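Open the structure in your viewer and keep the selection tool at hand. The stops below say what to select and what is there.

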Amino acid sequence: MKINFFKGIIVMFLGLILVQPMSNAAALTPNSSAPAEITVDVASGQVIASKNDQERLPIASLSKLIVIYLVEQSIQSGKFTHESTMKVSSKVADFSQDLATANVELSEDKTYTVEQLETAALVASANGAAIALADKVCGSQEQYYQVANQLLTSWGIKNANIISASGLSENDMGSFQNKNLDTNLENKLSAREVAKVSWHLVRDYPDIFKITSQTEVEFPKPDDSTQTLKNTNELLWSSKYKFKGLKTGTTADHSQNVVGYTTIDNRPVLTVVLNASEGQDFTETENMLDQIQKQTNLVKVTANQKMYVKNAKNKQSLVELKPQKDVVVFAKERRLATQQTFKVNSHADAPLNQNEWVATQRVLFKNKSLNDYLSAQPSLRYETVNAVKVANPLVLISRSVMTWIEKVF
């Protein structure tokens, strides 16, 4: 085999197969009665299972996950803390006491911590609490809508047109209703987009599970007594899978939505079911997970490599590499054919230390349904197996002569 030393051609020892262009198609299409659903591997962003995950549907109180993200972002930036206290406006208090559209009463005379309002919004889906938190973060509801839409745009969710912090339809917004909007308007996102919102939340702020995993919490009432708020997410106690939240939502036409966080074979996953018939959102979530367990395998994608390293003492300057960490995917197959794009670091010249990172491969699969991710395609990062020494001057001269002879003849 001829090796062009000047171009640094990589010698690969994998069976590489060209793949077709990527498209949004998960490893599994679940058999389901729900209009739309999706399951995502939290660690990698792989879309494991999906059905109709592109159509935008009413998301109702799943909208509160956006408010919570912005609250957590503000806490991280030091604007306030979970223990910071706040009062709600009289407008929010009055709205929260209208039991036609609210379920947790707030009082303008009481002081709440940010975490108390987050808990009410996440556990009991308190609409007033979500509106109050939007005011806290952005100063007003109108400003919140702009910030929320900008956040979604930054995640690639364009033209979402969020018009409610709580997730209520415009018709149910009461004193917060925008008279310039159609009363039938409500927040809509696709199952994939809801998964992306949830994925960012749990990855950026994993402490949120301290709230979402609670089955019930105590919350102050306006009269200074307390009430027990029960989590709306029945998956926490009724499922054979061990869920840690996240959120439910009921649309204006009583369709059911749920986002869940659990594990499959010890891999954290997010589930989204949208617009299921009443009582079916939880069963359809379990049904989707059952199908994933029965029809897919966890497959590790890994392989040792050899690459040309300029001036290396090794024979033919070929250096052994190993991946720092395996890429893991859910797949129906147990053995996966891949095409891998190998990129050498600019500093990958001898000498090199043992376990030094020298190259990256973006992993693509022959089965294009496995190339569906919420973010970038996964990569293998390669490091040296052994320290790489510089060849002695005579060897380097000999190699240069051989290269010149190959070019001339």
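The tour goes from a pocket to a helix pair and then to a cavity.

This is a predicted model, in which local features need pLDDT of at least 70 and side-chain atom pairs count only at pLDDT 80 or more, while totals for chains, interfaces and linings use all residues. Residues are numbered from 1 along each chain as its sequence is written, and side-chain values use heavy atoms, without hydrogens and water.

Select Ser61, Ser125, Asn127, Gly249 and Thr250: of the 28 residues lining the largest pocket, these are the closest to its centre. A pocket is an open set of points on a 1 Å grid over the protein atoms alone, with protein on both sides within 12 Å along at least five of seven lines; lining residues have an atom within 4 Å of a point. The space in this pocket is about 610 Å³. Next, show β9 (246-250), which gives the most to the lining, with three residues.

Move to helices α1 (residues 64-76) and α6 (residues 191-204), whose axes are 10 Å apart at an angle of about 30 degrees; axes are lines fitted to C-alpha atoms over the stretch in contact, and angles run from 0 to 180 degrees between N-to-C directions. Leu65, Ile66, Ile68 and Tyr69 in α1 meet Val197, Ser198, His200, Leu201 and Asp204 in α6, where contact means heavy atoms within 4.5 Å.

Finally, select Ile59, Leu62, Leu65, Leu189, Val194, Val197 and Ser198, which line the largest cavity, a set of points where a 1.4 Å probe fits but cannot get out. About 30 Å³ of space lies there, and α6 gives the most to its lining, with three residues.

Key
Grid points are joined across faces, edges and corners, and a volume is the space filled by probe spheres set on the points. Helices (H or I, at least four residues) and strands (E, at least two) are DSSP runs, numbered from the N terminus.
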